[in-house]
Amino acid sequence: MNDIARRFPQNPLLMPKDLQPTGAGLQIISLLNPGAFRFNGKTWLLVRVAEGAAQKEGVIFFPALNATGNTEIIEVPLNDPELIAADARVINYKGLDYLTTISHLRLLASEDGIHFTEQEGYPPIFGKGELERFGAEDCRVTQIDDTYYLTYTAVSDSGVGVGLQTTKDWQHFEYGGMIFPPHNKDCAIFEERINGRYYCLHRPSSKEIGGSYIWLAESADGLHWGNHQCLIKTRPGLWDSARVGAGAAPIRTERGWLEIYHGANSKHQYCLGAFLMDLDNPARVISRAVEPIMAPLETYELSGFFGYVVFTNGHIVDGDKLTIYYGAADEFVCGAEFSIKEILAALP
Ligand code: MAN
């Protein structure tokens, strides 16, 4: 394996204790998977903040937004025979799935791309309505002209889909509704229209025939998507054998659209890989690296809320320098630099 990431020596850049929870009785369990963008001369992160209820012995609490949009805590005794709590992230109660945490998105900005702080006047972004009752997660941010498109995982008891909001100033948002119904996540819109059309990568999942693969869709208006095509599948026996999903918006290079994606194996170990799409016709995959370009190696990537995870959905491109911001061990926000040339060299 050839890990070509140059991790920031300051990692982790952000930890749960660095931010305040949004309400009494809540605690921040993890900070993860930020979207990244430039705005007002600064680098901004849209961090996923996962909150849980302070636990007490013999009881499990899990949060959900109620009809009025406030976080409500549901309490179940640990010995309840109808409770299945085997995964740190998800529990099943009375046959229904719930998350152990609820996520919202928090805006932080930085002059140097390393030290991030919350900015006055830019409040947290919460899930909206019935289809986001269990939160908003892993937001990709794409800028097209003067509009930022936010595509995020919208979770509720109806399933996991992709929500869309747009903004020009990060203070006023337009809600575009659910653009991909369950089960779907990992949606990244391209930062340029191609032949007048919007494109995005997304990740529907099928439990029966098929799997968790990266798909391409196109749209005339950035809101209604069609002409779905399956681009990237899992590879038996490799590091991305169980599921794959897009990272942030594809990067224009002279060889094609470069996408950094995540892949996991059956042990839920997450690495980052790369593939290239044709510049004029992104449905054509030109190349895919066999090995990951980054794998969990550091202590903060190997152990945390959910260990052995590096996961990115936000980056800043500056010439050959690609700075990715990533979630480590589903608990910390970290940064790493890549040379785009070095990534391209790993692509046959
Ligand atoms: C998976 C994990 C969790 C996430 C849920 C819902 O279980 O990625 O972190 O909260 O899916 O998206």
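**Note on the pockets, ligand site and sheets**

1. The largest pocket holds about 1200 Å³ of space. The model is predicted: local features need pLDDT of at least 70, side-chain atom pairs count only at pLDDT 80 or more, and totals for chains, interfaces and linings use all residues. Residues are numbered from 1 along each chain as its sequence is written, and side-chain values use heavy atoms, with hydrogens and water left out.

2. Some terms come first. The search runs on a 1 Å grid over the protein atoms alone. A pocket is an open set of points with protein on both sides within 12 Å along at least five of seven lines. A cavity is a set of points where a 1.4 Å probe fits but cannot get out. Lining residues have an atom within 4 Å of a point. Points are joined across faces, edges and corners, and a volume is the space filled by probe spheres set on them.

3. Which residues lie nearest the centre of the largest pocket? They are V90, L99, V160, H183 and K185, out of 41 lining residues. The lining has 14 nonpolar, 14 polar and 13 charged residues. Here Ala, Val, Leu, Ile, Met, Phe, Trp, Tyr, Cys and Pro count as nonpolar, Asp, Glu, Lys and Arg as charged, and the others, Gly among them, as polar.

4. Strands supply part of this lining. Strands are DSSP runs of E, at least two residues long, numbered from the N terminus. β8 gives the most, with four residues. Strands that each supply at least two residues include β2 (26-39), β3 (42-53), β13 (159-167) and β15 (184-189).

5. Now the ligand. R48, R89, V90, L99, E137, T153 and K185 surround the ligand, each with a heavy atom within 4 Å of it. Of these, V90, L99 and K185 are also named among the residues nearest the centre of the largest pocket.

6. Three side chains come up to oxygen atoms of the ligand. A polar contact is a pair of N or O atoms within 3.5 Å. For E137, a polar side-chain atom lies 2.7 Å from a ligand oxygen. For K185, the distance is 3.0 Å. For R48, an N or O atom of the side chain is 3.1 Å from a ligand oxygen. On its own the ligand has 310 Å² of accessible area, and the protein covers 81% of that. Accessible areas come from the Shrake-Rupley method with a 1.4 Å probe.

7. β8 also belongs to a sheet. Three strands form an open sheet in the order β6-β7-β8, with antiparallel pairing. Two strands pair if DSSP finds at least two bridges between them. Four bridges join β7 (residues 90-93) to β8. I91 has Y98 in β8 as its bridge partner.

8. The second largest pocket has a volume of about 350 Å³. Its lining has 19 residues, and E191, A249, H315, I316 and V317 are the closest to its centre. β24 (310-318) supplies at least two residues of this lining, as do β2, β11 and β20 (251-253). The largest share, five residues, comes from β24. By class, the count is 10 nonpolar, five polar and four charged.

9. β24 sits in another open sheet, with the order β1-β26-β25-β24 and antiparallel pairing. β1 (6-7) and β24 are its edges, each with a single partner strand, so one side of each lacks a neighbour in the sheet. Within this sheet, β25 (residues 321-328) and β26 (residues 332-339) pair over eight bridges. One of the pairs in this region links K321 to its bridge partner S339 in β26.

10. How many cavities of 30 Å³ or more does a search of the whole structure find? It finds one. The largest cavity has a volume of about 40 Å³. Its lining includes E51, L65, F126 and G135. β9 (residues 102-110) gives the most, with three residues.

11. Some backbone details deserve a look. The peptide bond from P182 to H183 is cis, with omega near -15 degrees. H183 is in the loop between β14 (173-180) and β15. Another cis peptide bond joins N11 and P12, with omega about -15 degrees. P12 lies in the loop between β1 and β2. N33 is in strand β2, and its phi is near 35 degrees, a positive value in a residue other than glycine.

Technical notes:
Polar contact = N/O pair within 3.5 Å; in protein donor to acceptor, adjacent residues only side chain to side chain.
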